[in-house]
Amino acid sequence: MERSRVAAAFIALIGGSIGLHKFYLKDPGGGIFYIILMFMTARFFPLTALLGIIDAIKLFSMSDEQFDRKYNRRRQKNRRRKSYPSQSRDRRDLKMDREYYQYKQTVAKKRDNPFKKSGEKKYKEYDLEGAIDDFKNALEISPDNIDIHFNMAAVYSLMEKKDLSFFHLEEAVKLGFKDKDKIMTLDDLAYLRIQEEFEEFKNNGYSREAKEQKALPAENLLQDDVLLSQLNKLKDLRSRGLLSQKEFNYEKEKLFRK
């Protein structure tokens, strides 16, 4: 049951001396403490009544969001799921995810995948960062698993990382995901569906690839992707200080001479 901040404050004013507001806020230990303290100090000073007034003042001055975060965690979670602030782009994460997927796809061997199950469990518990970490490990084992890509699209949508969400949803459809109604009705994909480019993405068969690019020879596309991937890896190594500028320039020249 969700608690009301105003109701809790009035209960603290009226019955704070016996800790009624503590019981209302699902803190029976605090309520029992108030009762014991009341019997111990009743002869000298109504201490618990004063504490109740202080608690009431705190509750009145607290914002609804602060109250929900402390006492209504489920409501706070739902509020986070339904809020859609301004769009955020994370191109670097998208590139790294694409490179990671393409590399692991060539070396991974199918076997039992405990990371898929643990990722799904964390996803249900709304541990979004933990779910993404496990799903990335799951892709190392099963790079062409439809469910993993679809779940990653949903989690990235909840995290409001639309580019990553589009990428993994596109991969899921490419690999054979057929339930298009689920894409249009799943609550966790709501943030993705409100993006301006979603309608075009949908009409293009749930793909963001330009039609002109699809007509290019596959061999040229593969060569361009490999070169771009290698260049991005060199840039990442340089930015992390693992390559000097001289080493970076030398390795880049080698790539273009191939």
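Visitor: Which helix gives the most to the nonpolar patch?

Guide: That's H1, with 4 residues. Helices here are DSSP runs (H or I, at least four residues; strands are E, at least two), numbered from the N terminus. Bear in mind that this is a predicted model, where local features need pLDDT of at least 70, side-chain atom pairs count only at pLDDT 80 or more, and totals for chains, interfaces and linings use all residues. Residues are numbered from 1 along each chain as its sequence is written, and side-chain values use heavy atoms, with hydrogens and water left out.

Visitor: What makes a nonpolar surface patch, and which residues form this one?

Guide: Members need over 30% relative accessible area and no salt bridge; like charges are joined within 9 Å, and nonpolar side chains (Val, Leu, Ile, Met, Phe, Trp, Tyr) within 5 Å. A salt bridge would be a side-chain nitrogen of Lys or Arg within 4 Å of a carboxyl oxygen of Asp or Glu. Here Val6, Phe10, Leu13, Ile14, Ile53, Ile57 and Phe60 make a patch of about 670 Å², the area coming from Shrake-Rupley with a 1.4 Å probe and, for residues, only the protein chains shown as cover. Helices H1 (5–15) and H4 (47–61) each supply at least two of its residues.

Visitor: Why is Ile57 called exposed?

Guide: Exposed means over 50% relative accessible area, buried under 20%, and partly exposed in between (1.4 Å probe, protein chains only). Ile57, in H4, has 52%, so it counts as exposed.

Visitor: Why are Phe150 and Phe177 called stacked, then?

Guide: They're 4.4 Å centre to centre with 15 degrees between the planes, which is under the 30 degree limit. Phe150 is in helix H10 and Phe177 in the loop between H11 (162–174) and H12 (180–185), so the pair ties together parts 27 residues apart in sequence. Both are buried.

Definitions and conventions. Phe/Tyr/Trp six-rings, centres within 6.5 Å; stacked < 30°, edge-to-face > 60°.
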